[in-house]
Amino acid sequence: YMCKWGVRVAKSEKQKLKLLYLKDILLEKTDEEHYLKMEEIINLLAEKDIAAERKSIYNDMEMLRKYGTDVDSSRRSGYRILGRDFETAEVKALIDAVQYSRFISRKKTRELIEKLKGLVSEYEAKSMRVNKALTEKIKSDNEMVLIAIDKIMEAIENNKQISFRYYSWTPDKEKKYSNEGKQRVVNPWDLCWDNTAYYCMTSTPENPTEARIFRVDKMDKVSVTNKDRTPEGVERFRDFNSLEFSEKHFSMFNGEMKKVTLCCDNNMANVIIDRFGTDVSMRRLDDDHFVVHIMVAVSKQFFGWLFGLGSGVKIVEPAEVVQQYKDMAKEILEQ
């Protein structure tokens, strides 16, 4: 007999797998709303060429309970599993995260969703809607992105540099590699997920203390080198906070870090807290406005975020940032 792990097993040895198969059957076929009667359990085990009697099933259920499996039983209804590692809502949230993650390819998205559905019963899995528009359309074409993430994590763990090629898209939908198509070598410090994309925080051997950001789904042929990361960078990025970094860098674009003061309508409080968290410095100015002080990387992406908020938010200082914002608005208006 060939078991599901691809190993040939004799019938006598196969009986020893009965407890494992029994748990699999309960996890797949039962939940809070669905039970399996004793006869159904015996038949399902028989389909796997495992003979079972009622008395042995009773003993097996007790063994599963002692192991920590939350097996519930009812004389009239049968058996079901209640407690699972993941609740249905948690699995749905993970599936949505996979669907909305643009860095995961279409193929890998489908594979991950099927694996996640395996964490709940077949009935609950059927009830979970999958948005085909998300899984099939706006996705990375890089099938190796998860392998790249694994390589980067390996390098960070072992204090090694990585090499890769980096590309962008042309209007002809062709890849254009930077650095004349040559492999880049950098010190990887952290991975950060921001705005549905994964980013790698790095520095170069030439400028080990200056942060450089690369989108992981645009990184090609990622490999771990045998060279250690630059010592100056190790000290600089020892306590690097990727969440704080992403809050200050809009769409992960670099810019000069400055303390910016904004005057906001009261109805903008949710927007400010959603972006910068509850620790942000805010104080009331009058009955209709409040003032907020933020440290941000001043960039066109930051100005674009402000512009989207309309007249509800105004830059107060510093004066040079106010002027930069005016200049950008004027340049756009002139177009």
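**Close-up views of a predicted model**

**View 1. Isoleucine 152 in helix H9.** Isoleucine 152 lies in helix H9 of this structure, which is a predicted model. With a relative accessible area of 0%, isoleucine 152 counts as buried, because buried means under 20%. Leaving aside neighbours within four places in sequence, isoleucine 152 is in contact with Ile162, Pro188, Leu191, Cys200, Val216, Met219 and Val222. Asparagine 187 is 35 residues away from isoleucine 152 along the sequence, while the C-alpha atoms of the two are 9.8 Å apart in space.

**View 2. The largest nonpolar core.** This core holds 25 residues, and those with the most contacts inside it are Ile152, Ile162, Phe164, Val216 and Met219. Two or more residues come from each of helix H5 (88–100), helix H6 (106–117), helix H9 (145–157), strand E3 (160–169), strand E5 (184–194) and strand E8, and the largest share, five residues, is given by H9.

**View 3. The surroundings of phenylalanine 164.** When residues up to four places away in sequence are not counted, phenylalanine 164 touches Lys182, Gln183, Arg184, Val186, Phe214, Met219, Asp220, Lys221 and Val222.

**View 4. Confidence along the chain.** The pLDDT of the chain averages 85, and 89% of the residues score at least 70. Among the elements of the chain, strand E8 (residues 219–228) has the highest mean pLDDT, 94, whereas helix H8 (residues 132–136) has the lowest, 62.

Conventions:
Residues numbered from 1 in each chain as written. Predicted model: local features only at pLDDT ≥ 70, side-chain atom pairs only at ≥ 80, totals over all residues. Heavy atoms only, no water. pLDDT = per-residue confidence, 0-100. Helix = DSSP H or I, 4+ residues; strand = E, 2+ residues; numbered from the N terminus. Core = buried A, V, L, I, M, F, W, Y, C linked by side-chain atoms within 4.5 Å. Buried < 20%, exposed > 50% of the residue type's maximum accessible area, 1.4 Å probe, protein only. Contact = heavy atoms within 4.5 Å.
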